[in-house]
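The following note is intended for a colleague who is meeting this structure for the first time. Please read the numbered points alongside the sequence and the model.

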Amino acid sequence: MTAPVVLDRRSVLAGGGALIVSFSLRHAVAQERKASQGPELPGSLAKTPNLDSWIRIDADGQITAFTGKAELGQGFRTAFQQIAAEQLDIPFDALKVITADTKLTANEGYTSGSHSMQDSGTAILHAAAQARALLVAEAAKRFALPPDELRTENAAVVAPDGRRLTYGELVASDVLHVQAQPTSNLKDPASFKVMGQPVPRVDIPAKVTGGAAYVQDMRLPGMVHARVVRPPSYGAQLAECDTAAIEKMPGVIGIVRDGNFLAVVAEKEFGAVKAMHALAAAAKWRESAKLPNQHDLASVLTALPSQDFAIFQRSDPTVSGARSLEATYTRPYQSHGSIGPSCAVAQFVDGAMTVWTHTQGVYPDRQSIAEMLGMPQASVRLIHVEGSGCYGHNGADDAAADAALIARALPGRPVRVQWMREQEHGWEPYGPAMVTRLSASLDGNGKIADWNFAVWSNTHSMRPGGAGSLLAAQHIARSFAVPAPKPLPLPEGGGDRNAIPIYNFPNAHVMHHFIPAMPLRISAMRALGAYHNVFSIESFMDELADLAGDDPVAFRLKHLDDVRGRAVVEKAAQEFGWTRGQKPPQNRGYGFAFARYKNLAAYCAIASEVEVDRETGRARLVRAVAAVDAGQVVNPDGITNQIEGAIVQSTSWTLYESVSFDDVRITSIDWQTYPILRFNAVPDSIAVHIINRPGQPFLGSGETGQGPAAASLANAIARATGKRLRNLPLSRKRIKDAIDA
Amino acid sequence: MTTLKVNGRDHQVDADPDTPLLYVLRNDVALNAAKFGCGLGQCGSCTVIVDGKAVLSCVTPLLLVEGKQVTTLEGLGTVAAPAPIQRAFMEEQAAQCGYCIAGMMMRAQALLMRNPKPSDAQIRAELEPHLCRCGTHMRILRAVHRAARLMDTADAASDRSVR
C-alpha cells in the first residue's frame, strides 16, 4: 500500500507507474478533445482538470474536497460538502472541505460574480461523481466483477455477495490522480439524500459560541500588532513626520516608513492603536486631491471622456411607437461597509512570506503582493481565512499587502494588521457611481415598440493581479502605478452588466459609455452595474406600464418570452397576492421588479409593500415576497438566506446610502456619516420561494436579488406617493421633497 | 495588574486602565466572541454583558469594569452544550458572515434575562444599536424569539426537577 496522498498536489507527480500510465492516457484524451474542439470540462475542471485537485481520499479513509473559492459567509463550504457527499455516496459528515489556499487548492481566480456554485460547485460535482466511478472500476477489477454489478454505500464499494472495499482501500494506487472527463455519470436528482436538503451550515456553531472563526481571531506565537496611518486624502504626500517620541512609547517595536506608507508595530494591540494616533498627529501631509461635486454626479460623469460601445442593437422598421417617455437615473458611490474592518496576518520566515487573509482571490492577490515585494510568487503563500462579509472588493487585499510589507521588515514575527473603522470607510474601493438614460415608446397596443438605454460608468473591477491595485504598493517610495482600468467583457459585463434588456422589444439599442477616469477609488461591489441597471430598467418598465395603463406584472409578462423568467414572475406575483388594480392601504404602495442576473445566471422577482410617512418622507419596506430560480438547488436554506440578505442589504443601499466627500477628502468615514439600515427599518416579513430545477446547472444566488429589490422598492414608493424618484438613494429628504413639490 | 472577572473566572490583566475592555478580552484573556467593528460604539459587534447589562466593550475602559462580572458569548455555552440563545441561533441558521452575531446575541441574552417574554417590538428596539451588513435581521429576530421559547421550556423543566 502506498502512503496517504499528500496535500501538496505538486509533489504527487512523483507517484508510481500506475499513476503515470493513467495520467498520460487521460492527457492524450484531453489533447484530442482540444484538437477536435469537443466539449469543455465542466466548471473549474476546465482549468484544473485533475480529479485529485478537487477530491482527495487518503488510504486511512479520510476524504477531503478542495475549492479555490473563499467562504465569505454565503455558506458554500456547506453546499460543496453536500455536493461531494452526494456524488461520492458518503455521509455528509464523512468529509471536510478545504478552501482557497495557494499551496493546496486550484486557482479559481476571484470568489465573485455569483460564480462559486457554477465554477467550483460544478467542478466538485463532476470530480466527485467521476471519483466514485473510478473507485467502482477499481473495485470491479479487484473483485473481478463487472462494475454495473457493484454499488456504493457509506464510503465503500459493495459486491452482490457482500464483499466490501472501502474507498480508502481502493484509492491506494492513486486512482484519482487522473484528468477529468467531459461527462460524468451523475446521480439521478430523484435519488438525492444530501443535495437539496437544508443541511445546517458547518461554520455557524463556532460563530455562535466564540470559536476562532475569522482571521481577526488568529493568535500566532510571538504575534505583534500593527496599525497603518493612511494619508488623509487620495494622493497626499507625507511632508514630514517626527517619529522619535512615538518610537519611545511603551511597547512600540518599530515604525515602518516607506514613501507615503506609514505604519507602527507594537507588542500589544491597544499600544499599536495609541501609537497610531500619535503617529497620525505627527504626520504632516501635502494634500492635492480634487474630488468632484458629490451633489451633481450625473453631470460630472457624463462630462468625463468615455469610450462608447454599442452593445446591443435590434431593429424592426415595421414597428414604431407613438407615445414615448424618457428618464435619467443615477446611483452615487456606495460603500461595501463590512462590519469588521479588514484584517490580515503575515509572517516572513527564511525568505518565504505567508499571508492569512480574507481576500476574495488568493492567487491574484499573491501575484500583486509578490510583485510589490519583488519576490517570486512561489515564495509567497496566501491562505484564505474568513473575515467579516465583504460583498465585493473591500479593504481585504490592501490589508493583506499592508501586513506583508510590515512583516518583511520584522522577519520571523507574525504581524497582525487590523484596519480601523475610518480606514475601511475612507479607503475601500467603492461601488462606482453610475448614470443611465432611458427612452422608449409604446405602440398602439400598449407594447414597447422602441427601447433606448445608455449607461455611463467606470469599470467595476480594479481587483489585484498587479501590484498597482494595492494601496501599500501605491504609497511606498518605489510606487506602483494604478493599472489602467478596463471594461469587463460581456456577456457578464461590468458597468453594462444587465444593461441589455431581457425583455423582447422589436427595436432596442443599448450603449455603454465606459469612463476610464476614476475620481474616487472604486472596484467590484455585489452585482456590479446590475444593481443600477436593473433599478433603472425595472423602474422604467413601471413608468411605461403606467403610460400604457397596464398592470406592472402583466406589462412585464407581455414582453417576456423566457419561460423560466415568466415562472419566477408569476410565482412572486401569486405568492404576494398581486392582483390587477389592487388598492393598498393609505400611504402604502405595492411594487414589483424582476431580472435574470447577468441575463445568464439566477432569476429573481420581488414584490414589495412599502409604507411612506408623508410628514417625514420616511419609507419602510413592510414585506417582500421573492421568487428565485437558481437552477439545481443544493441547499435551499442557503439560497433563502442569500435572497433575504439581498433584499435587506439592497433596501439599505437604496434608501440610505451614498459616500460623501468634499473637494479633497472622503467625509463618510463611520456609521454616523455613512448610515445603513438598522432594526427600526427591518420589514415585518420576507418570504422567499425557490423554484428548483433538478438536473439543471447551478446558477448561483448571491447577487441576483440586489437589482430587483431596489426597483421593487422604488416602484412601491412611486405608488405610495404618486411621485417617481430616479436618483439613488431614495432618501427620506428626497421623498419628502417629492411629496411637497 | 487588574483583576478582571470573566465568565466566572478571575484573570490578572497587565493592561493600562484606559485600555478598552474589548482589547483586554481579545488579547489578554484570548477570547474571540467580542468583535472589533468600529471602536466608536456605533455598531454593537463588541457587546458583552457586565453585571447583567449589555455593554459596548470597545468604548468601556478596563478601569470601569474592575471587580464586576463580565460575561462573553463563550461564557454562555459551548458547541457541545449550547445555551438556549446559542441553540436558537444555530436552529434558525441566523448568520451569514456572522461577524455581528456574537454582539447581537449578548444584547438579546441581556434582554431575555430581564424580560423573558419580550414582544417583537421590544426585541427590535433592543437590537437598535446593532448593525448587520449581510441582512440577516429576519433570522436574528426569529432566533431571539426562539431563544425566549427555549429558555421558557428550560425553566419549566428545571422547575419540575426541583419539585
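Which residue in the turn of the hairpin formed by β22(A) and β23(A) has a positive phi? The first point below gives the reply.

1. The residue is A:G617, whose phi is about 85 degrees; 6 residues lie between β22(A) and β23(A) in this hairpin. The model is a predicted one, in which local features need pLDDT of at least 70 and side-chain atom pairs count only at pLDDT 80 or more, while totals for chains, interfaces and linings use all residues. Residues are numbered from 1 along each chain as its sequence is written, and chains are lettered from A and ligands numbered from 1 in the order in which they are written.

2. Strands are DSSP runs of E of at least two residues, helices are runs of H or I of at least four, and both are numbered from the N terminus; two strands pair if DSSP finds at least two bridges between them.

3. The pairings may be taken in turn. β21(A) (residues 588–596) runs antiparallel to β22(A), joined by 9 bridges, and A:F594 stands opposite A:A605. These two strands also form a hairpin with 6 residues between them, where A:K598 in the turn has a positive phi of about 65 degrees. β22(A) pairs with β23(A) (residues 619–629) in the antiparallel sense over 10 bridges, and A:V628 is the bridge partner of A:C604. By contrast, β23(A) and β24(A) pair in the parallel sense over 6 bridges, with A:V628 opposite A:I690.

4. Is β22(A) mostly covered or mostly uncovered? Strand β22(A), residues 603–612, is mostly covered, as 10 of its 10 residues are buried; a residue is buried if 20 or more other C-beta atoms, placed from the backbone, lie within 10 Å of its own. The residues that point one way include A:E609 and A:E611, and those that point the other way include A:I606 and A:V610.

5. The largest nonpolar core has 275 residues, and A:A403, A:A626 and A:I717 have the most contacts inside it. A core here is a set of buried Ala, Val, Leu, Ile, Met, Phe, Trp, Tyr and Cys residues joined through C-beta atoms within 7 Å. Leaving aside neighbours within four places in sequence, the contacts of A:I717 include A:V610 and A:V612; a contact requires C-beta atoms, placed from the backbone, within 7 Å.

6. The contact between the chains takes 48 residues from chain A and 47 residues from chain B. On the side of chain A that touches chain B, α16(A) supplies the largest share, 8 residues.

7. In chain B, the domain assignment gives domain 1 (2–75) and domain 2 (84–162), with bounds from an automatic or database assignment. Their C-alpha centres lie 21 Å apart, and the contact takes 14 residues from each of the two domains.

Key:
Buried ≥ 20, exposed ≤ 12 C-beta atoms within 10 Å, placed from the backbone.
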